[in-house]
Amino acid sequence: MNKIQKLKGREFLKIILISLVALFVPVLLFMYAVQAKKYTDLSREIVELENKQEKLIEENKRLVSDISILSSAERIEKIATEELGMHKAESDDIIRVEMTGEKKND
């Protein structure tokens, strides 16, 4: 009877082991599917962010170009003379003021 119990015990362990393997396979497949979806979503997000970064870089280049055009000395001088009625100061128009370090006490 001892031999029969050993055989039944071994068969029972084999059945349990096979059952556990059969249960783990779908679980592992499900986990793989979840990870694959996460990977796909992250890949899509990376592509979107890279496209957005490219657009921002191009916009930044355009803005830097606009700044250099708008702040050019020629443009500022043209606006000053034509729109604001200003002119370049002659040497007679320049008044120099010297400041001393003394304060007046009233």
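1. Asp66 is partly exposed, at 30% relative accessibility (buried is under 20% relative accessible area, exposed over 50%, partly exposed in between, with a 1.4 Å probe and protein chains only). Its partner is Arg62: the two form a salt bridge, closest N and O atoms 3.2 Å apart (a side-chain nitrogen of Lys or Arg within 4 Å of a carboxyl oxygen of Asp or Glu). Arg62 is partly exposed too, at 45%. The pair sits four residues apart in helix H1, about one helical turn (helices are DSSP runs of H or I, at least four residues, numbered from the N terminus).

2. This is a predicted model; local features need pLDDT of at least 70, side-chain atom pairs pLDDT 80 or more, while totals for chains, interfaces and linings use all residues. Numbering runs from 1 along each chain as its sequence is written, and side-chain values use heavy atoms, without hydrogens and water.

3. The structure holds five salt bridges. Lys37, Asp41 and Arg44 are linked in a network of them. Within it, Arg44 meets Asp41 at 3.3 Å, N to O. Both lie in helix H1, three residues apart. Arg44 is partly exposed at 47%, and Asp41 at 30%.

4. Glu77 and Lys88 also form a salt bridge, at 3.9 Å, N to O. Glu77 lies in helix H2 (residues 73–83) and Lys88 in the segment after H2, so the pair ties together parts 11 residues apart in sequence. Lys88 is exposed at 61%; Glu77 is partly exposed at 41%.

5. Val34 lies in helix H1 (residues 2–70). At 33% relative accessibility, Val34 is partly exposed.

Conventions
Helix = DSSP H or I, 4+ residues; strand = E, 2+ residues; numbered from the N terminus.
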